[in-house]
Amino acid sequence: MTDTAAGPAPEYVIPHHPIREALTGSVASIAFTFAVVVIVGLLWVGPKFVSFGNVSIMGTFLILPLIVGACSGFALMAGVVDLSIGSMVGFSSALFALLLLNGWDVWLAGAVTILVCLAMGSITAAAVVGFGADAIAASLGMLTALRGLTWFLVGGQALFAFHPGLFAVVNQQVFGLPLFFLLAILLTLIATYVATKTRLGRHVKAVGGDDRAAARAGISVKRIRTFALLLSALGASIGGIILVGQLGSAALATGTGLEFQVYAALMIGGYSILRGGVGNPIGGALGLLAVAGVANILELKAISPYYVNIIIGLLLLAAVLLDRLRGGDAFE
Amino acid sequence: MSLDRAIESAPQTDATPRRFNLGGWGTGLTLLAVWLLLIAATGFYRADFLSHQTMLAIAFTMSIVGVLAIGQGIVAMSGGFIDLSQPSGLILSNLVIVRLAEAGMPLPVLIVAAVLTGMAWGFINASIIVFAKLNPVIVTLGTNFIGLAGLFLVFQLAQVPLGSDIHALGRTSHLGLPAIWWPMAILILIVGFLVPRTRYGRRMIAVGGNRAAAQARGISLKATRFATFIAAGGFVGLAAVLFASSAGPFNASSANSMQLNVIAAVILAGISLAGGRGSFWMLLLSVGFLSTIPTSLVFFGFASDRQLIFQGLILVVAVAIDGYRARKGSP
């Protein structure tokens, strides 16, 4: 951090208790929740729940949320929520599929898709960072605009752009688990390292925690928030491209509601969409795994998926309550 | 987060001297000019746009969005940010209306039941917000999620019985405008008149503008939160009456698309999401302008997918202006 204090700083010794932090920190409650989900799954569904086959299925569906969550988590940490990620995934997959259909090279199509998505993300960033628009409302507008663009690009119900090479790479299995699932977990670990151990990560958290204090400490609030919003768009665009590789198509409804799914899980995992500066990519990933576990248990038990939404909604409210009890700001 | 920042900076607005004092009518004049420009441009491009048919289409869209915007405006003005659970509340009230209409209940009973259902929904939201001390945005996001999932479990498709009183209401018109347009316009005029002129309305604005100062003067924040969310729920219930009377078969997600228009209308009307500012009368103009866009785009030959793009971009621009105004400190 930038040292702006004049004269010798008073020496505060902050006691460091790794074990106590592990039990009371933001990751603790989600690790506990995750363990409960696994135990419930084992008891109710049986050993099948943790079999390679079942975990592999869950992992396949988790690739997209994990990548999007790791990137958008930085926007949450910087105090600017990006609600447009679900539509961005849809837009990215539609554009990428359309370019593939027109005979573009995979690499070129991917690069162009990512650039266009970053351009769209920079519109949100300009409104939020440049004009001081409320991030929730501005990204809600971008959500709608991107959904319209997706609709425009897809035209009918879906674009079928099966690419054998891409399909083979994306659906590759390593040690009985999807390769990209392992890569997504690797990305989560990298994100955790960046968020907790690097100057950039600390700047992001400082900006999210108190932007005025961060500005006084010499951090460019605008630059950090723009970076965070663009990273969020980048994650969603990569997610959309991988989705096309997985499915071989892009549909009108691709990515619809993904933002709620991801943010509910991230909030359960210790992030907050109302105050920046908190959260940890590992906690977010565990939140996604826990929600996926709940959905998987209900699916194996053949229970209506709407109950999953009710449970996610209740978990979301419980998570924000926990966040407040842990030191988050009380409303009024 | 920028919402909190906006709250901190909002109360200082009156300190800034203004060169041209339009008495708060600047927003209205801008809106009116943009709206007329849109109508003129579309009419110039396609003369048949300026027809009674167009007016009816716009008035129908205005009715439901307008009543929902009153509720949303009350929440925003009192410092409750946004009520994201309006779609759930609307469909819940609609379901009550349909079930009662199927049982042959008369129209007044339906209206009272719908309003009470909406108020009960608002009471649930307010209870969580007040007792758990959680931010309304998150609470209503969660209750909407739960509510929609629950509604999907309860019913697939519903519609008021054909030929019932409420079904007829959606198909009558007074003075050349749909019957459901008038309640919306009258409610906006009444609420816009009462809010700055009554004690309760002023208290609401005071809490939204500066909650600490309002509390210091003895205004209960909890009571305000309950009152505003229950009142907003009541308006959602009224909107449900208009929706049920004019809409075809609907399912649990039928109201989701309205959410964005309602929020955009509130922001464009100058009712800042930061609270404490704005006039409800402006809603007539902003709702009218936003409701003209879909019809206008159709006349320009754009497919409906283009409407979403426009709606979304308009919201981005509107909140950018809102943020800019809050930052500059001039209303």
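**Notes on helix packing and the interface**

1. In chain B, helix α5 (residues 107–131) packs with helix α11 (residues 221–246) at an angle of about 145°, their axes being 6 Å apart; axes are lines fitted to C-alpha atoms, for helices over the stretch in contact, with angles from 0 to 180 degrees between N-to-C directions. Helices here are DSSP runs (H or I, at least four residues), numbered from the N terminus. The crossing of α5(B) past α11(B) is right-handed, the near helix being turned clockwise from the far one by less than a right angle. The contact of α5(B) with α11(B) comprises 14 nonpolar, seven polar and two charged residues, where Ala, Val, Leu, Ile, Met, Phe, Trp, Tyr, Cys and Pro count as nonpolar, Asp, Glu, Lys and Arg as charged, and the others, Gly among them, as polar.

2. The model is predicted, with local features requiring pLDDT of at least 70 and side-chain atom pairs pLDDT 80 or more, whereas totals for chains, interfaces and linings use all residues. Residues are numbered from 1 along each chain as its sequence is written, chains are lettered from A and ligands numbered from 1 in the order in which they are written, and side-chain values use heavy atoms, leaving out hydrogens and water.

3. In chain A, the axes of α12(A) and helix α13 (residues 281–300) come within 7 Å and cross at roughly 115°, again in a right-handed sense. The contact (heavy atoms within 4.5 Å) involves V262(A), A265(A), L266(A) and I268(A) from α12(A), and G284(A), G287(A), L288(A) and V291(A) from α13(A). By class, six of these residues are nonpolar, two are polar and none is charged.

4. Between chain A and chain B about 4400 Å² is buried, 75% of it from carbon and sulfur atoms; buried area is the accessible area (1.4 Å probe) that two parts lose on being put together, summed over both. On the chain A side, L274(A), F331(A) and E332(A) lose the most area to chain B, together 18% of what that side buries. The contact takes 48 residues from chain A and 49 residues from chain B.

5. Which charged pairs does the rule find across the interface of chain A and chain B? It finds zero salt bridges there, a salt bridge being a side-chain nitrogen of Lys or Arg within 4 Å of a carboxyl oxygen of Asp or Glu. Over all chains, the search finds three salt bridges. One joins D211(A) to R225(A), with the closest N and O atoms 3.4 Å apart, and links helix α10 of chain A to helix α11 (residues 221–247) of chain A, the two residues being 14 residues apart.
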